[in-house]
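Visitor: I am new to this structure. Please take me through one part of it up close, and then show me how that part sits in the whole.

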Amino acid sequence: MKIWVKLIPELGRLSAAEQVKAIDQASKTSFRTHEAIIMVIWLIFAYLLNKRILASTPGENPVADALVANLLITLPLLLLVFVPVYLRKMRREVRKQMQSDSSAPS
């Protein structure tokens, strides 16, 4: 839970139970259309790059080559885009929840 508070500073204003609820609700929301499009395009790019790298590698063990290419190239490339987009979605949804909670009548 502490990592979420560091990644989403707004959570620091909430109690531990409210933090868990806010993170749970935010994680269940959908990505916006442009976020989903960015991730799909990036996934295709990473796939095509990986495919090109593997095609140009004349290795004796294609399984090991694929594993190395996936761990050293594809995974970091995917994380480079997916993590910031996910964090942006989570921050947006947590802020939205906090605003709706503060504007709701007590």
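Guide: Two residues are in contact here when their heavy atoms come within 4.5 Å. Keep that cut-off in mind. The model is predicted.

Glu 93 is found in helix α4, which covers residues 62-103. Is Glu 93 buried or exposed? Glu 93 has a relative accessible area of 9%. Buried means under 20%, so Glu 93 is buried. Which residues does Glu 93 touch, once neighbours within four places in sequence are left aside? They are Ala 26 and Thr 29.

Follow Ala 26 next. Ala 26 belongs to the largest nonpolar core. That core has 9 residues in all: Ile 8, Leu 11, Leu 14, Ala 22, Ile 23, Ala 26, Met 90, Val 94 and Met 98. Helices α2 and α4 are the elements that give two or more residues to this core. In soluble globular proteins, nonpolar side chains tend to be buried together. Residues up to four places away in sequence are not counted, and Val 94 touches Ile 8, Leu 11, Ala 22 and Ala 26. So Ala 26 is a contact of Glu 93 and also of Val 94, because heavy atoms within 4.5 Å count as contact.

Now look at the aromatic rings. The whole structure has 3 aromatic pairs. One of them joins Phe 31 and Tyr 86: the ring centres are 6.3 Å apart and the planes meet at 55°, so the pair is tilted. This pair links distant parts of the chain, 55 residues apart. Phe 31 lies in the loop between α2 (16-27) and α3 (33-55), while Tyr 86 lies in helix α4. Phe 31 is partly exposed, at 31% relative accessible area. Tyr 86 is partly exposed too, at 27%.

Another pair is Trp 42 with Phe 45. This pair is tilted as well, with 5.0 Å from centre to centre and 35° between the planes. Both residues sit in helix α3, 3 residues apart, so about one helical turn separates them. Phe 45 counts as partly exposed, at 38% relative accessibility.

Go back to Phe 31. Ring pairs link Phe 31 with Trp 4 and Tyr 86 into a cluster. Lys 89 lies over the face of Phe 31, at 5.0 Å from the ring centre.

One more stop in helix α4 is Thr 74. Thr 74 counts as buried, at 10% relative accessibility. Its contacts are Ala 46, Asn 50 and Ala 69, not counting residues up to four places away in sequence.

Now step back. The protein chain has 4 helices and 0 strands. From the N terminus on, the elements run α-α-α-α. The radius of gyration is 19 Å, well over the 13 Å that the globule rule gives for 106 residues, so the chain is more spread out than a compact globule. Along its principal axes, the C-alpha trace spans about 65 × 30 × 15 Å. Buried residues make up 25% of the 106 residues; Glu 93 is buried, and Thr 74 is buried. Among contacts with a separation of 6 or more, 71% join residues 24 or more positions apart. The accessible surface comes to about 7600 Å², and 66% of that surface belongs to carbon and sulfur atoms.

How values were computed:
Residues numbered from 1 in each chain as written. Predicted model: local features only at pLDDT ≥ 70, side-chain atom pairs only at ≥ 80, totals over all residues. Heavy atoms only, no water. Buried < 20%, exposed > 50% of the residue type's maximum accessible area, 1.4 Å probe, protein only. Phe/Tyr/Trp six-rings, centres within 6.5 Å; stacked < 30°, edge-to-face > 60°. Lys NZ or Arg CZ within 6 Å of the ring centre and 35° of its normal. Rg over C-alpha atoms; globule rule 2.2 N^0.38 Å. Areas by Shrake-Rupley, 256 points an atom, 1.4 Å probe, with all protein chains shown as cover. Core = buried A, V, L, I, M, F, W, Y, C linked by side-chain atoms within 4.5 Å.
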